[in-house]
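Dear colleague,

I am passing on the structure below, followed by notes on what was found in it. Please read the notes with the coordinates open.

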Amino acid sequence: MLAVTALWWAFTLTARQAAFTLPWAVSSATAHGLVMTLGFMPFFITGFAFTAGPRWLGVPEVSTRVLQAPLSSMFAGWAIALLGFHVAAPMAAAGVATVADHAFDLVQAFGAVHGSKRPCVGIPDCRKGGLTS
């Protein structure tokens with residue numbers, strides 16, 4: 001995701017320098033802010049939390065199979081959002097919503113790792129049919 005983000009932003013800056021106007025459905029500042037803060041950092045944090053976390057907490061590691069679906073969906077969500085930033089704001093919003101939905105799956109998985117039920121407090125049926133059921 002970091003490479004995709006860097007390439008996307010390098011392309012936008014290069015286009016700007018070449019006097020090529022890219023269409024923006026969402027302001028470039030908003031798109032840049034979203035992608036640079038929420039784009040690649042959750043992937044980094046997930047990698048850290050699911051490798052160092054279980055070791056520090058003395059709990060079993062999580063299978064990569066459990067993480068593959070939400071991380072792949074988050075990546076796809078960002079791909080949709082990046083395209084939507086230039087095509088249509090609702091498309092960008094759908095991409096970001098996909099990312100948020102699958103980020104919650106990762107929170108559930110982390111809660112299962114350390115045996116906490118906290119990620120689901122106040123959220124009815126959040127464990128039903130999720131990663132931790």
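**Aromatic residues**

Both Trp-8 and Phe-85 are buried. The model is a predicted one, and that applies to everything that follows.

Across the whole structure, a search gives 4 aromatic pairs. One of them joins Trp-8 and Trp-9, in a tilted arrangement with 5.2 Å centre to centre and 50° between the planes. Trp-8 has a relative accessible area of 10%, so it is classed as buried. Trp-9 is classed as buried too, because its relative accessible area is 15%, and the cut-off for that class is under 20%. Trp-8 also pairs with Phe-85, and this pair is tilted as well, at 6.1 Å centre to centre and 45° between the planes. Since Trp-8 belongs to helix H1 and Phe-85 to helix H4, the pair ties together parts that lie 77 residues apart in sequence. Through ring pairs, Trp-8, Trp-9, Trp-24 and Phe-85 are linked into a cluster.

**The chain as a whole**

The protein chain contains 5 helices and 0 strands. Its pattern along the sequence reads α-α-α-α-α. Of its 133 residues, 32% are buried. Among contacts with a separation of 6 or more, 60% are between residues 24 or more positions apart.

**H2 against H4**

How do H2 and H4 pack, in angle and in distance between axes? Helix H2 covers residues 28-39 and helix H4 residues 64-87; the angle is about 165° and the axes are 11 Å apart. H2 is therefore roughly antiparallel to H4, given that angles over 145 degrees fall in that class. The crossing of H2 past H4 is left-handed.

On the H2 side, the residues that meet H4 are Ala-31, Leu-34, Val-35, Leu-38 and Gly-39. On the H4 side they are Trp-78, Leu-82 and Phe-85. Sorted by class, this contact consists of 7 nonpolar residues, 1 polar residue and no charged ones.

**Thr-5 in H1**

Thr-5 is located in helix H1. Its relative accessibility is 1%, so Thr-5 counts as buried. With neighbours within four places in sequence set aside, Thr-5 is in contact with Val-35, Met-36 and Phe-40.

**The loop between H1 and H2**

Ala-19 sits in the loop that runs between helix H1 (2-17) and H2. Its phi is near 60°, which is a positive value in a residue other than glycine. Is Ala-19 buried or exposed? Ala-19 is exposed, because its relative accessible area is 66% and the exposed class begins over 50%.

Val-96 is part of helix H5. Val-96 counts as partly exposed because its relative accessibility is 26%. Apart from neighbours within four places in sequence, Val-96 has contacts with Gly-77, Trp-78 and Ala-81.

Which residues is His-102 in contact with, leaving aside its neighbours within four places in sequence? They are Pro-70, Ser-73 and Met-74.

Phe-104 is likewise found in helix H5. Its relative accessible area of 27% is why Phe-104 is classed as partly exposed. The C-alpha atoms of Phe-104 and Pro-70 are separated by 8.8 Å, and the two residues are 34 residues apart along the chain. Pro-70 is also in the contact list of His-102.

Regards

Key
Residues numbered from 1 in each chain as written. Predicted model: local features only at pLDDT ≥ 70, side-chain atom pairs only at ≥ 80, totals over all residues. Heavy atoms only, no water. Axes fitted to C-alpha atoms, helices over the stretch in contact; angles between N-to-C directions. Helix = DSSP H or I, 4+ residues; strand = E, 2+ residues; numbered from the N terminus. Parallel < 35°, antiparallel > 145°, perpendicular 65-115°, else oblique. Left-handed = near helix turned anticlockwise from the far one by under 90°. Contact = heavy atoms within 4.5 Å. Nonpolar A, V, L, I, M, F, W, Y, C, P; charged D, E, K, R; others polar. Buried < 20%, exposed > 50% of the residue type's maximum accessible area, 1.4 Å probe, protein only. Phe/Tyr/Trp six-rings, centres within 6.5 Å; stacked < 30°, edge-to-face > 60°.
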